[in-house]
Amino acid sequence: MFGNVTYASRSVYAHRDEMLYEHAKKVAGNSGTVLWADDIVRDNLAVDEETVLENDSRRVVIIKEGAGTVQALLGVMRLVEHLSCLSSFHNDEEVHIVVDAGTGTTAVGLALGAVCLGLHWRVTAVMLADTLERYQEQEKSLISDFKGLCHEDCHHLVGTDGLVHWVDRSSPRRFGKVLGGEIASCRQVARQTGILLDPVYTLAAWEQAVDLCRGDGREAKVAMIHTGGTLGLFGLAQRYPQHFAATANGQA
């Protein structure tokens with residue numbers, strides 16, 4: 001998955017759509033075609049094949065950062081369906097789902113999936129990159145786009161605003177900042193459980209899930225959704241090499 005990684009400077013990253021489009025044009029080449037995933041869905045996949053395939057051209061599709069679009073909800077909802085079929089869960093069981101929130105799309109998809117399948121699941125998302133107001137706006141926008149995508153099949157989604165319980169991180173900070181001891185906490189969890197966390201994303205969800213298990217979550221099953229973050233560890237190893245160097249006995 002990480003075979004071809006391109007690093008971007010902060011100044012370039014500040015203009016994400018432009019950054020993605022310029023890179024896509026380079027990949028497509030002079031004869032290629034660049035499409036946004038949003039446009040394909042909005043046009044019901046009505047793409048001019050003759051134009052796209054002319055001169056054996058390459059088609060490049062751009063997925064927005066964080067997959068923060070309505071199409072991504074469908075994949076997360078399939079994940080909910082898969083989880084609900086596992087022996088660990090029962091249809092009428094109360095489950096508390098915890099996830100970290102970058103764009104918030106995963107959290108919204110989990111909540112929508114639970115509603116569509118009639119599950120008694122509550123989704124708590126730990127806000128990492130924006131304010132409560134912005135996350136609530138994103139939730140409303142995604143749900144609205146989803147209703148537009150599935151049309152008449154969404155009658156059971158009337159009045160479904162506010163599906164996600166948005167919470168602050170236990171130690172709020174600007175996005176991307178790592179506090180003292182957090183890399184050590186990730187290392188400890190990895191040694192004890194074999195689960196690889198990162199201090200920017202998944203550690204926040206892990207801490208929230210542990211707090212729920214110790215408190216109100218005792219009467220309901222608590223499940224943390226691991227969203228990844230592994231690639232970010234490479235950047236952290238460059239920023240904090242002292243925390244990733246092997247010791248004399250070979251431990252990291």
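The following dialogue discusses how to read selected features of a predicted model.

Visitor: Which conventions apply to this model?

Guide: The model is predicted: local features need pLDDT of at least 70, side-chain atom pairs count only at pLDDT 80 or more, and totals for chains, interfaces and linings use all residues. Residues are numbered from 1 along each chain as its sequence is written, and side-chain values use heavy atoms, with hydrogens and water left out.

Visitor: In what order do the four strands of the open sheet stand?

Guide: Strands (E, at least two residues) and helices (H or I, at least four) are DSSP runs, numbered from the N terminus. Two strands pair if DSSP finds at least two bridges between them. Here the order is β5-β4-β3-β6, with parallel pairing. The edge strands, β5 and β6 (221-224), each pair on one side only. Strand β4 (residues 121-127) is joined to β5 by five bridges, and V123 has V164 in β5 as its bridge partner.

Visitor: Which strands does α7 touch where it packs on the sheet?

Guide: Contact means heavy atoms within 4.5 Å. Axes are lines fitted to C-alpha atoms, for helices over the stretch in contact, and angles run from 0 to 180 degrees between N-to-C directions. Helix α7 touches β3 (95-101), β4 and β5, and its direction makes about 160 degrees with that of β5. Helix α9 lies across β3, β4, β5 and β6, running at about 155 degrees to β3.

Visitor: Is T202 buried or exposed?

Guide: Buried means under 20% relative accessible area, exposed over 50%, and partly exposed in between (1.4 Å probe, protein chains only). T202 has a relative accessible area of 0% and is therefore buried. This residue belongs to helix α9 (residues 202-214). Not counting residues up to four places away in sequence, T202 touches D100, L197, M224, H226, T227 and G228.

Visitor: With which side chain does the side chain of T202 make a polar contact?

Guide: A polar contact is a pair of N or O atoms within 3.5 Å; within protein, one must be able to donate a hydrogen and the other to accept it, and residues adjacent in sequence count only if both atoms are side-chain atoms. The partner is the side chain of D198, at 2.8 Å.

Visitor: How many aromatic pairs does the structure hold?

Guide: A pair of aromatic rings is described by the distance of the centres and the angle of the planes. Rings of Phe, Tyr and Trp (its six-membered ring) pair if their centres lie within 6.5 Å; planes under 30 degrees apart count as stacked, over 60 as edge-to-face and the rest as tilted. The structure holds three such pairs. One of them, Y135 with W166, is stacked, at 5.0 Å centre to centre and 25 degrees between the planes. This pair links helix α7 (residues 132-150) to strand β5 (residues 164-168), across 31 residues, and both Y135 and W166 are buried. The ring centres of F175 and Y201 are 5.7 Å apart and their planes lie at 65 degrees, so this pair is edge-to-face. F175 is partly exposed at 39% relative accessibility, as is Y201 with a relative accessible area of 29%.
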